[in-house]
Amino acid sequence: MAQKTRQRAPWQQKVIQIAPVVGLAAFILILIYTRRSGMFSSVADLQHFIKNFGNFAIVAFIVVQAIQPIVPFLPGGFATIVGMLMFGNIPGIIYSYIGLVIGEVGLFLLVRRFGPKFARLVLSEKNFDKFETTLQDHTQDIKKLLIVCFIFPFLPDDLTCLVAGMTDLSFREYLKIVLIFKIWSVGSYGYFCLFVLNKTFAGL
């Protein structure tokens, strides 16, 4: 591995790193507000409201999900939960899947084009060290690592996608793995987080 370059882009990193915290806080506050204000007395009311925006709502959500692997607005599967609440469980998962596949393809191509320079922009110092360690230790079995990270959705699949872009894994093989296994990752994570969320806010 080439010697580390310490050139940083502090403000860009701060924006990228603080985005999930701000997004999660906003998401929780909106949930509490809508529940207590009675704005939407049920999930069905929310979905009926979203339908007024037609295909624009779907396209906007897919675009947001496509950005998620690169600049996460919400941590983990919370964006998928938003989609499940907005569109229904199955449509929300499908739209999340489409957006995240686009995003992870974009992530792979960006890191393949710009290398560690791009990885340094989107990762904290700690996560960049993990990126380098994973790259050193798993270059030869990156396909297996990708599959494992998608099957067990709490593992760092976005970090593994970054690593994959720095290996000799072909784009065709990478795309095949993402298309096949990402749907399981999105669905299992989404349903689990939705279950936890329902339990958490049941008493509010």
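Reader: How much of the chain counts as buried?

Author: Keep in mind that this is a predicted model. Of its 204 residues, 40% count as buried. The chain's accessible surface is about 11500 Å², and carbon and sulfur atoms own 68% of that.

Reader: And the secondary structure, how many helices and strands?

Author: You get 10 helices and zero strands. Going along the sequence, the pattern reads α-α-α-α-α-α-α-α-α-α.

Reader: What share of the contacts comes from residues 24 or more positions apart?

Author: Counting contacts with a separation of 6 or more, 80% are between residues 24 or more positions apart.

Reader: OK, the inside. Which residues touch the most other members in the largest nonpolar core?

Author: That core has 27 residues, and the ones touching the most other members are Leu123, Phe131, Leu146, Leu162, Ala164 and Tyr174. At least two residues each come from α5 (89-114), α6 (116-122), α7 (125-138), α8, α9 (157-165) and α10. The top contributor is α5, with six residues.

Reader: What does Leu162 contact, leaving aside its neighbours within four places in sequence?

Author: Leu162 is in contact with Leu107, Val111, Phe118, Val122, Leu123 and Phe131. There's also a second, separate core of 10 residues, with Ile81, Met84, Leu85 and Val186 among them.

Reader: Back to α9. Why is it described as largely enclosed by the rest of the structure?

Author: Because eight of its nine residues are buried. The buried ones in α9 are Asp157, Leu159, Thr160, Cys161, Leu162, Val163, Ala164 and Gly165.

Reader: Cysteines next. How many disulfides does the count come to?

Author: Zero disulfides. For Cys149, the closest cysteine sulfur is the one in Cys161, 8.3 Å away, so that's too far for a bond. A pair would need its sulfur atoms within 2.5 Å to count.

Reader: And Cys161, how far off is its nearest cysteine sulfur?

Author: Looking from Cys161, the nearest cysteine sulfur is that of Cys149 at 8.3 Å, and Cys161 is in no disulfide.

Reader: Are those two buried or exposed?

Author: Cys149 counts as buried, at 3% relative accessibility. Cys161 counts as buried too, at 0%.

Reader: What does Glu104 touch, not counting residues up to four places away in sequence?

Author: Glu104 touches Pro69, Phe150, Asp157, Asp158, Cys161, Tyr174, Val178 and Lys182.

Reader: Now the outside. Which residues form the nonpolar patch on the surface?

Author: Val148, Ile151, Phe152, Leu155, Ile183 and Trp184 form the patch, and together they have about 530 Å² of accessible area.

Reader: Which helices each supply at least two of the patch residues?

Author: Those would be α8 (142-151) and α10 (171-201).

Reader: Last one: where is Ile151 found, and what is its relative accessible area?

Author: Ile151 is found in helix α8. With a relative accessible area of 33%, Ile151 is partly exposed.

Definitions and conventions. Residues are numbered from 1 along each chain as its sequence is written. This is a predicted model: local features need pLDDT of at least 70, side-chain atom pairs count only at pLDDT 80 or more; totals for chains, interfaces and linings use all residues. Side-chain values use heavy atoms; hydrogens and water are left out. Patches are made of residues with over 30% relative accessible area and no salt bridge: like charges are joined within 9 Å, nonpolar side chains (Val, Leu, Ile, Met, Phe, Trp, Tyr) within 5 Å. Accessible areas come from the Shrake-Rupley method with a 1.4 Å probe; for residues, only the protein chains shown count as cover. A salt bridge is a side-chain nitrogen of Lys or Arg within 4 Å of a carboxyl oxygen of Asp or Glu. Helices (H or I, at least four residues) and strands (E, at least two) are DSSP runs, numbered from the N terminus. Buried means under 20% relative accessible area, exposed over 50%, partly exposed in between (1.4 Å probe, protein chains only). A nonpolar core is a set of buried Ala, Val, Leu, Ile, Met, Phe, Trp, Tyr and Cys residues joined through side-chain atoms within 4.5 Å. Contact means heavy atoms within 4.5 Å.
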